[in-house]
Amino acid sequence: MIYEFFHVAFSIFIFMDTLGNLPIFHSFVKGWPVSKRSTLIRETMYVAVAILLIFLFFGERVLTFFTLDFESFKIAGGIIVLIIGIKQVLGLRMLEERAKTYRAAVVPLATPLITGPATITTIMILVYQHGIWITLLASLLNLYVVYIFLSKAEKLNGILGRQGSDALSKIMGLILTAIAIGFIRQGLMS
């Protein structure tokens with residue numbers, strides 16, 4: 001049970017790519033007063049928690065509503081995760097230009113950086129494979145880790161630097177790509 005929990009928690013950690021996203025967050029808040037930065041972090045976390053919990057508890061109902069079977073979702077989700085993994089390995093940034101006009105706490109910070117397509121897909125698959133309670137606890141642990149990392153972004157960014165953060169993101173992207181292939185294979189074999 002403990003091994004399963006840490007397996008689920010580590011999978012979510014990889015998909016959230018908190019370390020790889022630190023430079024993006026840091027670029028948003030650079031030069032901001034601590035109070036404004038804290039407000040942005042709180043707003044970001046509220047939105048990220050809401051998105052994650054909606055798909056954790058109601059993801060299966062969404063599939064049922066659209067009359068999708070879970071195997072098809074695994075394949076589709078695996079393809080999306082594969083693209084995101086390849087994007088990370090190659091160091092491509094795909095934030096849309098129009099995202100600059102959105103409220104930063106929602107786009108791009110809460111989604112797609114913290115709870116984007118890869119995280120949502122993973123959450124739904126993990127609920128299916130490991131049950132709701134282990135996935136919920138692992139998700140909450142990861143959201144807490146994200147909160148800590150964002151709160152300490154300036155210090156962590158100074159320690160890791162842009163190159164260190166990019167290197168970690170590429171490693172996470174490679175693991176993400178392998179997991180995506182596993183999702184696709186499982187979907188095809190079912």
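Please keep in mind that the model is predicted.

Let's start with the helices. Two packed helices are described by the angle between their axes and the distance between the axes. Here, helix 3, residues 34-65, and helix 5, residues 105-114, have axes that come within 9 Å and cross at roughly 50°. Who makes the contact? On the helix 3 side we have Leu40, Glu43, Thr44, Met45, Val47, Ala48 and Ile51, and helix 5 brings Ala105, Val106, Leu109, Ala110, Thr111 and Ile114. By type, that contact has 10 nonpolar residues, two polar and one charged.

Now for the rings. The structure holds five aromatic pairs, and I'd like to show you two. Phenylalanine 70 and phenylalanine 73 have ring centres 6.0 Å apart and planes at 40°, so we call this pair tilted. Both sit in helix 4, residues 70-90, three residues apart, which is about one turn of the helix. Are they buried or exposed? Phenylalanine 70 is buried, at 12% relative accessible area, and phenylalanine 73, at 15%, counts as buried too.

The other pair joins phenylalanine 70 to tyrosine 128: the ring centres are 3.9 Å apart and the planes at 25°, so this one is stacked. Tyrosine 128 belongs to helix 6, residues 117-130, while phenylalanine 70 is in helix 4, so the pair ties together parts that are 58 residues apart in sequence. Put together, Phe70, Phe73 and Tyr128 form one aromatic cluster.

Note on methods:
Residues numbered from 1 in each chain as written. Predicted model: local features only at pLDDT ≥ 70, side-chain atom pairs only at ≥ 80, totals over all residues. Heavy atoms only, no water. Axes fitted to C-alpha atoms, helices over the stretch in contact; angles between N-to-C directions. Helix = DSSP H or I, 4+ residues; strand = E, 2+ residues; numbered from the N terminus. Contact = heavy atoms within 4.5 Å. Nonpolar A, V, L, I, M, F, W, Y, C, P; charged D, E, K, R; others polar. Phe/Tyr/Trp six-rings, centres within 6.5 Å; stacked < 30°, edge-to-face > 60°. Buried < 20%, exposed > 50% of the residue type's maximum accessible area, 1.4 Å probe, protein only.
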